[in-house]
Amino acid sequence: MNGSSPSDRLSYVTLVGGDKCSLYTLRCLIESESPPAGVVVVDQSGLSSRLASERRVIRRHGVLRRLSQIVVGLVHRLLDGARDRELLEQIYPDEDQESLIRRASLQGVVVLKAEAYHSVEALGFIRECDPAFLVCDTPFWVEKKVRELVPPAMVIGSHPGVVPWYRGAHSAFWCRYLGEPEKNGFSIFCIDGGVDSGPLISNHYRPYRGELSYRGNDYVLLEEASRQIVQVAESLTKGLKVESTTQTPLENEQIRRAPGLLDYLQFRLKERRRQ
């Protein structure tokens with residue numbers, strides 16, 4: 001199968017968001033030897049989408065917890081925002097969404113901008129592409145009706161954390177905070193209906209970098225995960241089998257939320273003591 005020509009290869013569709021990390025994955029895929037047949041871009045950056053997202057978070061975690069998380073975001077930007085932005089400029093190419101979409105189109109990759117992956121338009125687009133599998137790098141939920149468009153365990157995603165131990169938000173923060181920096185890293189897995197809980201393809205352990213902020217560690221892991229997911233996609237397009245194993249144990253405590261203000265202050269105190 002390694003010697004298969006491009007016309008013999010299995011096709012796939014990529015689902016991405018409009019953020020730098022997602023677009024970087026798209027860039028890596030379209031520059032690879034096995035680019036996607038189609039791309040669905042969902043960019044819910046408008047005010048109405050933001051408010052709807054906030055309402056969902058508040059329903060899950062409560063008003064006080066969400067306010068605490070917002071304060072953490074503001075304080076973090078004040079203290080570490082400059083070095084985070086500098087890191088982003090170093091590791092992610094300066095190419096906007098429209099430029100990348102034009103480049104994909106010139107390579108024959110069909111691109112759809114949609115409100116949601118499960119919209120009627122997006123579902124029809126994916127069906128028309130008739131993919132053997134999906135590759136996802138997105139902050140948005142991939143609904144069951146989308147996942148069912150391809151065979152089971154053929155929706156490939158990544159996470160900047162070592163699953164099953166650190167699932168959910170800001171895994172680099174939590175493994176450092178809880179004294180388990182050896183569990184810092186990223187994972188490639190098959191997306192299912194849970195939170196980063198699908199069959200595991202590979203874990204990749206990386207040292208926590210103390211000279212970076214916890215978000216900086218996230219960015220570094222996301223960049224490497226993008227390149228790793230390209231390798232998985234290339235193997236699948238050639239018809240090669242990619243082994244996966246069931247994640248175990250799966251426990252609710254492994255699903256981490258964004259840190260609140262008390263978590264963040266304790267984290268910074270611990271970091272200062274390490275210096």
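## Backbone, contacts and surface

Ala 153 has a relative accessible area of 39%, so the residue counts as partly exposed; the classes are buried under 20% relative accessible area, exposed over 50% and partly exposed in between, with a 1.4 Å probe and protein chains only. The model is predicted, so local features need pLDDT of at least 70 and side-chain atom pairs count only at pLDDT 80 or more, while totals for chains, interfaces and linings use all residues. Residues are numbered from 1 along each chain as its sequence is written, and side-chain values use heavy atoms, with hydrogens and water left out.

Ala 153 sits in the loop between α6 (144–147) and β5; helices (H or I, at least four residues) and strands (E, at least two) are DSSP runs numbered from the N terminus. The phi of Ala 153 is positive, near 60°, although the residue is not glycine. His 170, also not a glycine, has a positive phi of about 50°. His 170 belongs to the loop between β6 and α7 (171–177). For context, most residues other than glycine have a negative phi, and most peptide bonds are trans.

Where are the cis peptide bonds to be found? One joins Val 163 and Pro 164, with omega about 0°. Pro 164 is in the loop between β5 (155–159) and β6 (167–168). Another runs from Thr 248 to Pro 249, with omega near -5°. Pro 249 is placed in the loop between α8 (214–237) and β9 (255–256).

Next come the salt bridges. The whole structure contains 17 of them, a salt bridge being a side-chain nitrogen of Lys or Arg within 4 Å of a carboxyl oxygen of Asp or Glu. In one of these, Arg 103 pairs with Glu 31, and the closest N and O atoms are 3.1 Å apart. Arg 103 is in helix α4 (residues 97–106) and Glu 31 in the loop between α1 (20–30) and β2 (38–42), so the pair ties together parts that are 72 residues apart in sequence. Arg 103 is partly exposed because its relative accessibility is 24%, and Glu 31 is partly exposed at 45%. These two residues also belong to a network of salt bridges that links Arg 27, Glu 31, Glu 95 and Arg 103.

A further salt bridge brings together the side chains of Lys 238 and Glu 33, at 2.9 Å from N to O. Lys 238 is in the loop between α8 and β9 and Glu 33 in the loop between α1 and β2, so this pair ties together parts that are 205 residues apart in sequence. Is Lys 238 buried or exposed? With a relative accessible area of 16%, Lys 238 is buried, whereas Glu 33, at 44% relative accessibility, is partly exposed. Lys 183 also forms a salt bridge, with Glu 180, where the closest N and O atoms are 3.4 Å apart. Glu 180 is partly exposed, with a relative accessible area of 24%.

How many disulfides are there? The count is zero, where a disulfide is a pair of cysteine sulfur atoms within 2.5 Å. For Cys 21, the nearest cysteine sulfur is that of Cys 28, 11 Å away, and Cys 21 is in no disulfide. Cys 28 is likewise in no disulfide, its nearest cysteine sulfur being that of Cys 21. Both cysteines are buried, Cys 21 at 10% relative accessibility and Cys 28 with a relative accessible area of 14%.

The surface carries a nonpolar patch of about 550 Å², made by Ile 58, Val 63, Leu 64, Leu 67, Ile 70 and Leu 74. Patches are made of residues with over 30% relative accessible area and no salt bridge, with like charges joined within 9 Å and nonpolar side chains (Val, Leu, Ile, Met, Phe, Trp, Tyr) within 5 Å. Accessible areas come from the Shrake-Rupley method with a 1.4 Å probe, and for residues only the protein chains shown count as cover. Helix α3 gives the most to the nonpolar patch, with five residues. Ile 58 lies in helix α2 (residues 47–61) and is partly exposed, with a relative accessible area of 33%.

A patch of negative charge gathers Glu 86, Glu 89, Asp 94 and Asp 96 on the surface. Here Lys and Arg count as positive and Asp and Glu as negative, while His and the chain ends are not counted; the place of a charge is NZ of Lys, CZ of Arg, CG of Asp or CD of Glu. Glu 89 is part of helix α3 (residues 63–91), and its relative accessibility of 64% makes Glu 89 exposed.
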